[in-house]
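Here is a short report on packing and charge pairing in one protein model. Look at the structure first, then read on.

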Amino acid sequence: MECDKHNQPLHLYCPSHLMPSCDECISTSHSKCTGITSLASVVEKTKVEKSKMTVEKDINYFLSILDQLVTSKSKNFKTGENHCIGIQKSINEIRKEINKHLDHLEEKLCQETDIIWNQERSKATDFISEIEGKRENLKEMKEHLQTVTTNTSKLQSFLGVHQIEQQVHQCQRYIEDLEDDERTKEVDIKMKQNDEIENILSKLVSLESLEVMIVKTEINLYKETSLRRKAQVKSQEQSNINNMTMNIETKIEINMKKKISDMICLMDGRVIVVEWCGNVNLLTSDGKLQKQLSIPGSAYSVTQINQDNIAITYPVENAIKIFNMENERVMKVFKLGKLCYGLSFSNNSLAVGLNKDEIRIIDLEGNTLKSIQVQSESYLYYLVYCNKRVIYSDYGGKAVYCVDESGKQIWQYTQDLTGPEGLCIDICGNIIEADCLADRIIVISKDGQDSKVLISKEDGLVTPNCICFKHDESSGFIFDYYGTYLAYL
């Protein structure tokens with residue numbers, strides 16, 4: 001047999017694409033494929049008669065599906081007639097509900113007005129108290145600064161001034177963060193009235209908000225067959241990112257109104273969402289807020305250690321806290337001596353990003369196992385530790401890097417990135433990266449050589465900041481930078 005494209009003999013076989021090939025095919029289209037073998041050896045190992053019987057079985061199976069479709073469609077007509085009667089009854093009930101809602105609308109709006117304003121007043125009062133606390137701290141520092149150099153040695157004076165300097169640095173970061181803090185804005189309460197309200201009576205005449213339509217539901221016809229289970233020749237296990245797809249199944253409006261710094265899927269399907277240097281929130285598996293975890297401090301990044309325990313970085317405190325979710329207690333605190341951000345758990349160890357130049361591997365007692373020196377234009381906000389390698393995003397450098405535990409760079413990826421933020425690894429070892437400024441999610445092959453856009457702005461994606469997969473699955477969540485929505489994949 002000859003190749004239709006090159007008119008050369010077919011004597012080779014590509015297991016990656018399950019395709020007989022000629023020499024020209026291999027050199028032009030399969031140069032990066034592995035496991036190329038001779039077609040004759042593949043044919044020799046293949047049981048053709050058994051494959052024939054399997055194909056015949058599949059044909060009979062598909063014939064039965066078509067028979068089922070005819071039967072199902074006949075039943076569908078009768079169901080539709082019953083639904084027509086149900087719609088007429090529903091319209092009558094809707095009219096009754098509209099009357100009831102109009103009776104209570106005025107009372108409800110007035111109550112909501114009081115509740116909304118009281119909430120804002122309470123937030124403002126708490127914010128003022130917080131600021132007053134910071135002012136008192138600064139005044140105490142000022143008084144202490146005047147006495148720290150009196151009747152003390154030069155070393156004691158140096159240490160005293162250095163300690164106050166560190167405290168002032170923390171206050172500086174607090175004040176700088178206030179620039180983007182919603183609480184600093186002036187607050188007023190108003191009622192927005194649009195054309196829809198002015199035209200509500202005319203709309204009720206035709207009830208334009210109600211529409212009787214035909215709804216078509218997908219039927220899963222293609223169940224598992226031998227064609228899907230396996231090909232005649234078993235291919236080498238590999239991950240081809242060119243065949244990868246990702247879709248937003250559901251988009252849930254969250255409106256936390258705070259920037260989100262990290263997110264993980266727990267082993268039980270629930271989700272942890274961390275506000276930027278703020279609270280740690282526990283969400284249900286369908287994205288609803290279950291509760292805020294009672295952990296003091298300003299958190300940044302989170303990772304799960306086991307079923308009950310998570311680890312969280314606290315940059316201002318230069319510390320990692322181990323938190324038990326079952327009894328809601330901080331079990332351990334590891335002081336690191338540097339600003340700490342990105343955090344990941346693997347092989348019974350934690351990898352944490354320190355400042356812009358170090359990734360430290362520590363055990364669960366806080367002991368340093370390895371110190372990996374790296375270079376990053378941004379703080380090490382996001383990293384993943386897996387298979388004795390660390391993959392991290394460099395937002396300022398517009399790059400993603402992979403290094404081993406010795407600090408040797410395995411690869412770097414810089415192609416078309418504009419603002420790489422959160423990242424995770426899929427079950428095949430590929431890197432899923434949130435390119436925040438480009439409004440897209442991309443996949444980078446595990447060797448760092450290839451990439452593909454999975455979701456973009458055209459799919460409804462805006463400023464994705466964090467992405468995570470469920471445990472040992474390919475489904476997961478995306479959270480945007482401003483904490484306005486949670487997308488289910």
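What follows covers the nonpolar cores and then the salt bridges.

## Basis

This is a predicted model: local features need pLDDT of at least 70, side-chain atom pairs count only at pLDDT 80 or more, and totals for chains, interfaces and linings use all residues. Residues are numbered from 1 along each chain as its sequence is written, and side-chain values use heavy atoms, without hydrogens and water.

## Nonpolar cores

The largest nonpolar core holds 29 residues. Such a core is a set of buried Ala, Val, Leu, Ile, Met, Phe, Trp, Tyr and Cys residues joined through side-chain atoms within 4.5 Å. Buried means under 20% relative accessible area, exposed over 50%, partly exposed in between (1.4 Å probe, protein chains only). Met263, Val273, Trp411 and Phe479 have the most contacts inside this core. Strand S5 (260-265) is one of the elements that give it two or more residues. S5 gives the most, with 3 residues. Strands are DSSP E runs of at least two residues, helices H or I runs of at least four, both numbered from the N terminus.

A second, separate core of 17 residues includes Ile432, Ile441, Leu454 and Phe469.

## Salt bridges

The whole structure has 18 salt bridges. Each puts a side-chain nitrogen of Lys or Arg within 4 Å of a carboxyl oxygen of Asp or Glu. Asp435 pairs with Arg440 at 3.0 Å. Both Asp435 and Arg440 are buried.

Glu97 and Lys100 pair at 3.4 Å, N to O. They sit 3 residues apart in helix H3 (residues 48-147), about one helical turn. Glu97 is partly exposed, at 35% relative accessibility. Lys100 is also partly exposed, at 43%.
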